[in-house]
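Please keep the sequence and the 3D view open while reading this note. The points below are meant to be checked one at a time.

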Amino acid sequence: MSSSKKFINGAEIFFECLRRENVEYIFGYPGGSTLKIYERLYDIDFLKHILVRHEQGATHMAEGYARASGKVGVVLVTSGPGATNTVTGIANAYMDSSPLVVFTGQVPTNLIGNDAFQEADIVGITRPITKHSFLVRDVKDLAPSIRKAFYIAQSGRPGPVLVDLPKNVINALCSFEYSEKIEIRGYKPTYSGHINQIKKAAKVISQAKRPLLYVGGGIIMSGASQELRSFAIENNLPVTMTLQGLGAFPGTSELSLGMLGMHGMYWANQAINHCDVLVALGARFDDRVTGKVETFAKDAFKIHVDIDPSCIDKNVKVDIPIVGDVRLILSELRKVMPGKPDIDKWWEEIKTWQKECPLTYDMNDGRLRTEYVIERLSEKTRGEAIIVSDVGQHQMWVAQHYKFNHPRSHISSGGLGTMGFSVPASIGAAFAVKDRPIFSVSGDGGFQMNLQELITANYYKLPIKFIVINNSFLGMVRQWQELFFDEKYSFTNLGESNPDFVKVAEAFGLKAYSTDRPQDVDDLIDTMLDYNDGPIFVEFKVVKEDMVFPMVPSGASISEMIVKRLNPQRMV
Amino acid sequence: MKHTISILLENRFGAFDRVANLFSGKGFNLHSITIGETEIKDVMRMTIVTSGNDQIVEQVLKQLNRLVDTLKVVDLSDHARTERELALISINYQKGTLEELKNICDIFRGKVVDINNKSIMMEITGPPAKINAAVNVLMPFGIKEMARTGTVALKRGEQINIQKNEV
């Protein structure tokens with residue numbers, strides 16, 4: 001747009017910028033410092049403002065939206081407490097590399113540092129958990145800062161960017177100009193990989209005897225799932241996924257080994273231990289994946305593709321690093337593969353491990369178990385649903401038992417492990433995706449951390465299926481207490497104090513059901529799938545002593561996997 | 001091993017904080033940090049002295065590069081370089097020690113920049129090792145106060161070999 005000499009105020013500039021960034025939704029909550037923006041918003045119809053009930057909910061919603069859609073999630077909150085309430089959500093997005101732009105109100109520039117009412121140094125507070133941030137001190141800088149914020153958030157390795165907007169800047173007048181071209185001299189992400197490195201990698205893979213693809217969330221972010229699928233099929237390569245990588249490759253494929261790591265599949269971890277060439281694609285060798293780093297795939301030749309150079313050699317030293325966009329690199333790699341590796345024997349070994357220690361659980365006593373619920377959910381939705389899980393045991397069971405067919409279908413808090421993520425994140429996802437069922441799966445602990453957002457789901461009549469897996473315990477902590485802390489169940493028993501979840505859901509206007517019988521599971525899933533006039537709630541009361549296996553104890557080498565309960569007497 | 005890292009940085013609100021924050025947030029060692037203007041408008045030069053094994057220093061460099069506001073990051077330890085530091089050292093003197101102090105100051109090619117009837121202040125510049133040596137020698141006299149700037153450094157110009165017959 002050519003510069004018009006017409007002067008408009010900061011609030012108008014703000015919305016002109018959002019229009020040009022094609023923002024569809026803002027997740028926000030008004031307050032004193034953002035009144036001018038909300039005044040302007042009153043007359044805006046090109047985007048929709050979603051009124052949340054707590055600013056943490058807004059950031060998780062924006063992340064759920066971003067991860068389901070691939071677009072930038074936008075948050076708008078006021079200064080002080082409004083801003084500090086976004087911190088957990090920003091940290092979550094930073095750890096999981098989700099593109100967010102968070103706009104925070106701020107006290108007028110002349111009061112900054114004065115301990116003014118509702119003042120917080122949010123730029124300072126969030127500095128270690130943002131990809132970048134801007135404090136806009138002059139209205140002239142407003143449009144360029146917003147332009148840069150959106151660009152930085154979604155380019156390279158995505159992440160949250162915070163833009164702090166002092167009240168007087170929003171009120172000030174300025175002419176509006178929005179440049180299409182963007183030039184940030186200190187920020188130039190690398191996209192295409194080095195061709196010689198790619199050729200070297202292709203040669204090594206084609207000559208491998210026991211190759212393994214270890215893929216992470218980077219595949220989903222770069223939209224590389226199709227390339228990955230073709231590459232794996234063309235070369236008959238086994239694929240194991242990280243928690244964030246689930247959905248990057250179809251879970252029902254013969255080539256999929258499922259998840260690896262702490263609660264990964266036995267055979268996937270065995271494959272890690274025995275592979276001779278490990279190809280990490282958009283994954284960062286997180287400690288929940290590697291266990292003891294020194295023994296992780298220790299005999300393997302390692303190839304690592306990542307868009308963030310700082311991820312290379314950070315935890316594990318690799319032999320061929322390739323920095324760039326994994327979609328472009330996979331496409332190049334497919335072109336230069338000299339031939340496919342001969343790995344029938346390797347597949348036999350993997351199949352043996354799969355038979356040796358399949359993923360099972362005990363249902364003989366007729367009591368309800370989470371594994372069964374998730375397994376039925378996976379069957380009944382044929383892996384086509386979007387599952388937004390919370391954090392803890394149920395999260396691992398979702399990861400183990402739900403066979404995701406598509407990318408952007410498994411949305412969970414991976415890096416930060418934020419309890420309370422699922423309820424708001426599922427709401428964000430529901431704004432992004434209208435043609436597939438969306439399930440929010442939480443435990444009884446995490447559900448209570450952001451359940452105020454149920455009213456947001458109900459108000460906007462979002463057809464989300466809220467599931468609470470109630471085992472009356474902070475199950476994952478309880479599991480560690482049983483295994484490693486002398487069965488001292490210190491403050492993990494929620495059963496004595498949990499509310500009546502059905503009544504809670506009903507109070508928020510949701511249809512609500514509860515069961516502890518396996519025979520009700522199918523019917524209740526059908527009920528949820530059939531109801532699309534708004535949110536619906538089901539509580540599954542499950543066995544409380546259940547533990548997630550297999551398990552690699554923290555810091556142990558992944559060959560030291562526990563596949564069964566240590567103390568059989570405690571079996572229920 | 002100590003590494004001297006030179007950074008060109010946007011002269012922008014919060015840019016310095018982001019660099020400093022990185023060191024505390026990631027637990028990297030930070031021995032000294034200096035910042036000042038350069039010949040380029042709106043660009044500052046930071047000189048950082050850090051230490052750690054190769055893997056850690058590689059991470060330091062990568063993390064610094066990753067910041068949006070850093071324009072150039074160079075580990076000067078890989079290059080011929082000149083490092084300088086300035087120290088202001090204030091020492092109480094007694095009858096008879098003043099001459100000795102002035103001698104030491106001369107040996108280190110320092111300057112006396114302030115004196116009163118109790119104490120003397122000297123300014124010493126040089127590579128950090130020279131400052132350390134001066135401090136070491138002056139310590140027994142009782143250093144009253146000391147301020148050091150931290151290391152600044154620049155890469156040296158390349159040496160061109162001149163063949164004998166060209167002269």
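1. Domains of chain A. The domain assignment divides chain A into domain 1 (7–175), domain 2 (195–356) and domain 3 (370–549). Keep in mind from here on that this is a predicted model.

2. Confidence. The average pLDDT of chain A is 95, and 98% of the residues score at least 70. Where pLDDT is low, the predicted coordinates should not be read in detail.

3. Domain 1 against domain 3. The centres of domain 1 and domain 3 of chain A, taken over C-alpha atoms, are 30 Å apart. In the contact between these domains of chain A, 24 residues of domain 1 meet 25 residues of domain 3. On the domain 1 side, strand E2 (25–28), helix H3 (55–69) and helix H5 (87–95) of chain A each supply at least two residues. Which element gives the largest share of that side? It is H3(A), with 11 residues. By class, the domain 1 side has 10 nonpolar, 10 polar and four charged residues.

4. The six-stranded sheet of chain A. Chain A has an open sheet of six strands in the order E11-E10-E9-E12-E13-E14, with parallel pairing. Why is one side of E11 and of E14 of chain A left without a neighbour in the sheet? Strand E11 (256–259) and strand E14 (320–323) of chain A stand at the edges and have a single partner strand each, so one side of each has no neighbour there. Neighbouring strands of this sheet are turned against each other by 15 degrees on average, direction ignored.

5. Inside that sheet. Strand E9 (residues 211–215) and strand E12 (residues 277–281) of chain A are joined in the parallel sense over five bridges. To find the pair in the view, look for Tyr214(A), which stands opposite Ala280(A) in E12(A). Helix H9 (residues 195–206) of chain A lies across E9, E12, strand E13 (301–306) and E14 of chain A, and runs at about 135 degrees to E14(A).

6. The sheet of chain B. Chain B has an open sheet of four strands in the order E2-E3-E1-E4, with antiparallel pairing. Strand E2 (32–37) and E4 of chain B are at the edges with a single partner strand each, so one side of each is left without a neighbour in the sheet. The twist averages 15 degrees from one strand to the next. Strand E1 (residues 2–10) of chain B and E4(B) run antiparallel and are joined by five bridges. Leu9(B) has Thr70(B) in E4(B) as its bridge partner.

7. Helices over the sheet of chain B. H1(B) lies across E1, E2 and strand E3 (43–51) of chain B, at about 155 degrees to E1(B). H2(B) lies across E1, E3 and E4 of chain B, at about 165 degrees to E4(B).

8. Where the chains meet. How many residues does each chain bring to the contact? Chain B brings 18 residues and chain A brings 15 residues. On the chain B side, helix H1 (15–26), helix H2 (54–66) and strand E4 (70–75) of chain B give two or more residues each. The largest share, seven residues, comes from H2(B). By class, the chain B side has three nonpolar, eight polar and seven charged residues.

Methods: Residues are numbered from 1 along each chain as its sequence is written. Chains are lettered from A and ligands numbered from 1 in the order in which they are written. This is a predicted model: local features need pLDDT of at least 70, side-chain atom pairs count only at pLDDT 80 or more; totals for chains, interfaces and linings use all residues. pLDDT is the predictor's confidence in each residue, from 0 to 100. Two residues are in contact if their C-beta atoms, placed from the backbone, lie within 7 Å. Ala, Val, Leu, Ile, Met, Phe, Trp, Tyr, Cys and Pro count as nonpolar, Asp, Glu, Lys and Arg as charged, and the others, Gly among them, as polar. Domain bounds come from an automatic or database domain assignment. Two strands pair if DSSP finds at least two bridges between them. Axes are lines fitted to C-alpha atoms, for helices over the stretch in contact, and angles run from 0 to 180 degrees between N-to-C directions.
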